[in-house]
Amino acid sequence: MQALYAQLLVGLINGSFYALLSLGLAVIFGMLNIINFAHGAVYMMGAFVAYFLLNNAYLSIGYWPALIIAPIVVGIFGMILERTMLQWLAGLDHLYGLLLTFGLALIIQGVFQNYFGSSGLPYAIPDYPTIGGFHGLQGGMNLGFMFLPIYRGWVVIFSLVVCIGTWYLIERTRLGAYLRAATENPTLVRAFGINVPRMITLTYGLGVGLAALAGVLSAPINQVRPLMGENLIIVVFAVVVIGGMGSIMGSIVTGFALGVIEGLTKYFYPEASNTVVFVFMVLVLLVKPTGLTGRAA
Amino acid sequence: MTAMTDDTIRVPPRAMRDEIIAFCAMAGLLAIVPLTGIYPFFVMQALCFALLACAFNLLIGYGGLLSFGHAMFLGTAGYVTAHALKVWAVPPEIGILAGTGAAAALAVITGLVAIRRQGIYFAMITLALSQLLFFVYVQTPFTHGEDGIQGVPQGYLFGIFNLANSTILYYVVLAGFLFGFLVIFRTINSPFGEVLKAVRENEPRAISLGYKTEQYKLLAYILSGTLAGLAGSLKVFVAQNASLTDVEVAMSGQIVLMTLVGGLGTVFGPVVGAFVIIAMQQYLAGFGQWVTVIQGCIFVACVLTFRRGVIGEIAHYFRRSL
C-alpha cells in the first residue's frame, strides 16, 4: 500500500505540471490561436533561471525569490518573442504559429545543450525558513498511512493554488472579461478603447510565465537539464487533446486527473506507464472527438 | 463566387507541361549521378528523405493536414524490413513489401483516430501517436531498444541484382523514389486530388457538395503513410540499420522542415528541401549540437519571411506551377 500511495503522490505532482503547462497553453491558445510548441523550452528556462539565481556568485538568490523572479524573467522573454515574431503571424493559418514555435524550441534547447550538455544539474530543496522542527521544505512527515516528503506536498498544493488563481483571474475578474471578450471579437473590444495587441503580449507572457513557474517547481525534483521539457510537452499535448482546451477549468482537472491515472498505472502495470496517457487519448478520441470539455470545431 | 474560386485554386493552362518537363529534368539528372563521382550514399539517403517529404507534402500541401508524427511510418517500416531481412532472411523484395505493408496498416489504424480532429489538433494527435509508438519500440525486444537492428544484410533483389553493389543499389533506390513520386504526382492531378484540394480550401463547402470529406482525408493519410513506409524500407538498404532515431519526434520535425524549406504544396519542393537539409547535415556535422540551433533558425526564417519555400518562390516568380 505504501508504494501505491507513493505512486499516487508522484502522479499528483506530474499532474500539477501537466495542469500548469496545459493551463498556459490554453491561455495562449485563447488569445493568439497558437499552440505554443516552445512551451517545453520555456518550462526548462524557468528551471535554469532558478538555477542561475541560486548559483551565480553575485546573486545567489534562493528558491523563494526565484519562484517569483524566474516566471517574470521568462515571461518578459516570452513577450519579446511575441512582439518580434509571433505577432506577424496573426491572420495566417495557425499551423504557421506551431511551426514557428517549434523552431524557437529547437533554438532555445539547442543553445542550452551547447552550454550545459545533456546531463542534469542538481538543485537542492530549499532549507529555509526554519519553522518549528522543519527546515524549509526539506524532510517529510509521517501521515500514518504514508511518508510525505514536504517538498512534494508543497508542489501539489502550490500549483493547485496557482491554477485556481489563474482560473479566477480569467473567469471572475474584469481583466479576464476583457480577455475573453477580445478572444471572441478583438475589433469590438478595441472600439472600447482597450489596447488589444498589448493584451495579447501580456497574455503570452502570462502563459509562458506559468510554464516557467512549473519549471522552478520541478527543479528540485527533476534535475535541471536542457531537454527536461521535450518529452513532457508531448504528454501535455495529449492532455490538451483529451481535455479539449475548451475551458480553463477543463485543463486543470484533466491535467491532475491524467497525472493520477499515470501514477496508478505505474503501480499496477509499470510497463504501460509511459504510454497510458496516449492510449487514453486514443480512447477519448474514439468516443468523443472534441475532447472531454471541448467545444466543437 | 467564381472569382474567388479562380483566385484560390489557380490552374495555369501549361501547368502540366511545365511539371512534366521538370520531372524529366529531375529524373535525368538523378540517373547520371553514379557517372559524376558524387558520393552515391549521400544522394541515396537524400532520395529516401525526398520520398518521405513528398509523402508528407501530399497530406499537408493538398489535404491541409499537418502530421507531426510522420517519422512513425519511416521507423516502423524500417524496423519491419530490417527484422524481416535479418531474422527471417527473406529476399529484399519481400522485405520492402513487409515494411511498406506494416506502414500501411499503421496508417489505417492511426488514421482512423487522427482524422477525427483537424488543424493543430490533428498535428498534436499525430505527434502523440508517434511518441506512443516510440515508447513501444523502446520496450519491445525485436527492436533491440537503444542499439537498434544493426548489420542488416542487403541481399539480391529478385535474386539477380546485388544490392551490396552501390551503383545497383543506387538505381534501385532511384526507381523506388521515382515510383513513389509518380504515384503522388498522379494522385494530385486526379479527381481525387482535386477533391482533396477542395477540402483543404473549404471543408464545409466540400461537405455541402456531397463529398464524404472524412473518407478522402483518411485515404490521403493512408497513401501518405504507405509511401513514407516505402521510404523507410528503402532507407534500411542504404543505411543497413534501423534505429530509434528514425522514430523520434526530432525526425518528424526534420520532415516538416524539409517540406517547408522546399515549399509546402509544391510538387518538387519536398525533393529540393530534402537535398538541402541532408546536405546541410553532411557539411555542418562539424558544428555538433549547433546544427539543431541552425535548423531552428531556418524554421523561424522560413515561417517569418520565406513561407513559399525555394520552389514556391521560383514558381511564384515565373507564375508557373511546379
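How much area do chain A and chain B bury between them, and what percentage of it lies on carbon and sulfur atoms? The legends below, which describe a predicted model, begin with this interface.

**Figure 1. The interface of chain A and chain B.** Between them, chain A and chain B bury about 3,800 Å², of which 79% is on carbon and sulfur atoms. The size of an interface is often expressed as the accessible area that is lost when the parts come together. Chain A contributes 45 residues to the contact and chain B contributes 38 residues. Polar contacts between chain A and chain B amount to seven residue pairs, with both residues at pLDDT 80 or more.

**Figure 2. The side of chain A that touches chain B.** Three helices of chain A, namely α4 (94–116), α9 (230–243) and α11 (276–287), each supply at least two residues of this side. The largest share comes from α4(A), which provides 16 residues. Sorted by class, the side of chain A that touches chain B comprises 33 nonpolar, 11 polar and one charged residues.

Figure 3. Thr126(B) belongs to helix α7 of chain B, which spans residues 119–139. Is Thr126(B) buried or exposed? With a relative accessible area of 0%, Thr126(B) is buried. The side chain of Thr126(B) reaches the backbone oxygen of Ala123(B) at a distance of 2.8 Å. When neighbours within four places in sequence are set aside, the residues in contact with Thr126(B) are Leu66(B), Ser67(B), Phe68(B), Gly69(B), Met72(B), Ala114(B) and Tyr221(B).

**Figure 4. Cys54(B), a cysteine in no disulfide.** A search of the whole structure, over all chains, finds zero disulfides. For Cys54(B), the nearest cysteine sulfur is that of Cys48(B), 12 Å away. Cys54(B) counts as buried, because its relative accessibility is 3% and the cut-off for a buried residue is under 20%.

Key:
Residues numbered from 1 in each chain as written. Chains lettered and ligands numbered in written order. Predicted model: local features only at pLDDT ≥ 70, side-chain atom pairs only at ≥ 80, totals over all residues. Heavy atoms only, no water. Disulfide = S-S within 2.5 Å. Buried < 20%, exposed > 50% of the residue type's maximum accessible area, 1.4 Å probe, protein only. Helix = DSSP H or I, 4+ residues; strand = E, 2+ residues; numbered from the N terminus. Polar contact = N/O pair within 3.5 Å; in protein donor to acceptor, adjacent residues only side chain to side chain. Contact = heavy atoms within 4.5 Å. Buried area = accessible area lost by both parts, 1.4 Å probe. Nonpolar A, V, L, I, M, F, W, Y, C, P; charged D, E, K, R; others polar.
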